[in-house]
Amino acid sequence: METLLSQLTNGNALFFIIVLGIGGTFQNGFHVTVISSPSPYIQCFINSSWNERYEEPLAPHTVTLIWSAIVSLYAVGGLFGSISLRWVAGTFGRKRAMIGNNLISIAAAVIMMISKEVKSFEMILVARFLYGFTAGLGSNIHVIYLGESSPKKLRGMVTLTSATFVSIGKLAGQFVGLSEILGREELWNVLLCVPTFFAVLQLLTLPFFPEAPRYSLIEKNDADSCRKALQSLWGRGEYQLEMEEMLTEQASIKGVNSKSLLQLLKDRSVRWQLITMVVIYTSIQFSGISAISVFSFDIFLEAGIPREKIRYVTLGVGVSEVLTSITCGLMIESVGRRRLLCCGFSAMSAIMVLITITLTLKNTSYWVPYCTVGLVFLFIIFYSGGPAGVLPSLTHEIFIQSCRPAAFVFTGIQRWLGFAILGLVFPFLIAVVKSFSFLLFACMCLLASLYIFFFVPETKGKTLLEISEEFKGITVCGRSPSRERCPKSFETRL
């Protein structure tokens with residue numbers, strides 16, 4: 001039996017995964033964490049550029065407002081990038097869409113780089129919007145491209161690498177943001193342009209890789225290109241069974257073009273898939289990961305870690321997230337998506353309850369804050385190895401070809417709108433209920449775990465049509481017997 005490494009290196013699949021990752025979700029992960037490091041320097045720049053232009057300083061609340069706009073425009077750009085996904089990916093294909101996305105990222109970096117020289121904070125606003133746009137568009141295309149290029153037996157592991165590159169991007173943003181690297185006042189504009197180096201690298205290398213095989217055959221009806229793409233990525237072979245499975249899916253959609261978002265929302269056959277995405281995405285956003293980010297500094301400080309050393313502990317959290325994501329990728333095909341999701345949410349719920357207890361009792365004994373630190377690390381591990389890791393694979397697998405682009409538009413809108421709403425609501429929530437907000441997050445995680453246990457079928461090792469039939473068989477009281485009448489699975493060489 002072939003090992004995982006040999007399957008990835010029979011062709012160019014391993015290099016393909018890396019090249020897609022550095023220009024895909026890595027960019028989003030980097031921009032999410034890197035913006036906190038130069039925050040005081042950018043706010044100082046806003047004030048000084050205004051003062052030099054109008055010969056009067058800005059009021060502190062105005063500086064804060066402009067800084068908030070710089071932060072939030074990233075989410076606005078991500079929303080517009082997600083909305084444009086269906087048209088861009090359908091018009092230009094997966095490969096050319098990624099290449100075009102890199103060009104926008106390079107343009108954003110040029111604007112960001114020269115903003116300091118021309119003393120224009122408005123250019124930072126524009127650059128942040130464009131960075132968000134490329135994150136919203138590129139992250140979604142990244143997952144679709146991976147899923148449409150991978151065989152059934154490796155589909156979960158391959159698509160999960162998109163989550164791994166998010167974690168790597170977050171860690172890279174934290175690392176280069178250190179004052180010993182680029183986190184200094186004179187280099188803040190360089191710091192915010194670092195991801196563009198990887199975008200350029202993808203721009204130069206991606207043209208040598210093929211278009212997504214599934215897209216070539218199902219949407220372009222080009223069997224020759226599909227076969228050549230499979231051979232390029234996964235090694236020599238005719239791949240007849242893989243192509244037969246794609247043709248079966250093509251026949252099932254009966255030549256229907258990619259659906260619009262409105263058509264998808266009206267389609268009752270994907271009702272349970274949409275409900276599943278709403279439940280899981282909402283649960284992740286309100287799982288408490290944002291609360292952990294907000295409270296982690298205070299938690300580490302109360303545990304006796306020196307203030308100047310906390311950033312290095314945060315790097316340790318980032319490393320654990322990356323390692324857990326890699327481990328999840330190695331386990332997902334054997335353990336299954338459903339079990340990882342269910343166990344992940346259940347463990348996160350229990351950890352949130354324990355964190356509430358330890359935060360309430362933090363002054364009763366010297367060892368309680370250390371327990372809280374350990375629980376923070378555990379939460380990150382179960383979050384990365386469960387919901388955050390499995391979600392890209394599940395989102396791709398539960399929708400067939402004609403529904404997938406619109407489905408990613410739907411989940412993208414939900415993710416970026418949720419990000420913006422949470423940013424507005426969360427500070428008030430923390431101010432009112434403080435550490436007891438963790439109990440609310442525990443309830444959300446528990447509800448998600450129960451929903452997955454009772455309603456979400458396993459997708460491991462099944463064709464996309466089989467998965468679609470599984471969801472059609474779900475009823476309010478459980479799953480109907482129609483699940484047993486799924487088409488016979490295709491056994492492929494891969």
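A residue is taken as buried when its relative accessible area is under 20%. By this criterion, 55% of the 494 residues of the protein are buried in the predicted model. The secondary structure consists of 23 helices and two strands. A compact globule of 494 residues would have a radius of gyration near 23 Å, and the value of 23 Å computed for the protein therefore agrees with that expectation. Along the principal axes, the C-alpha atoms fill a box of roughly 70 × 55 × 45 Å. Of the contacts between residues at least 6 apart in sequence, 81% join residues at least 24 apart.

The largest nonpolar core comprises 136 residues, of which Ile42, Trp234 and Phe300 touch the most other members. Helix H7 (residues 121-147) gives the most to this core, with 14 residues. Leaving aside residues up to four places away in sequence, Phe300 touches Ile305, Ile310, Val313, Thr314, Val317, Val373, Val376 and Phe377.

Most residues other than glycine have a negative phi. Lys119 has a positive phi of about 55 degrees and lies in the loop between helix H6 (85-115) and H7. Tyr239 also has a positive phi of about 55 degrees; Tyr239 is found in the loop between helix H12 (223-234) and helix H13 (240-253). Lys119 counts as partly exposed because its relative accessibility is 36%, whereas Tyr239, at 4%, counts as buried.

The protein exposes about 21,100 Å², and carbon and sulfur atoms supply 68% of this area. There are 41 positive and 32 negative side chains, and the centres of the two sets lie 6 Å apart.

Definitions and conventions: Residues numbered from 1 in each chain as written. Predicted model: local features only at pLDDT ≥ 70, side-chain atom pairs only at ≥ 80, totals over all residues. Heavy atoms only, no water. Core = buried A, V, L, I, M, F, W, Y, C linked by side-chain atoms within 4.5 Å. Buried < 20%, exposed > 50% of the residue type's maximum accessible area, 1.4 Å probe, protein only. Helix = DSSP H or I, 4+ residues; strand = E, 2+ residues; numbered from the N terminus. Contact = heavy atoms within 4.5 Å. Rg over C-alpha atoms; globule rule 2.2 N^0.38 Å. Areas by Shrake-Rupley, 256 points an atom, 1.4 Å probe, with all protein chains shown as cover. Lys, Arg positive; Asp, Glu negative; His and termini not counted. Charge placed at Lys NZ, Arg CZ, Asp CG, Glu CD.
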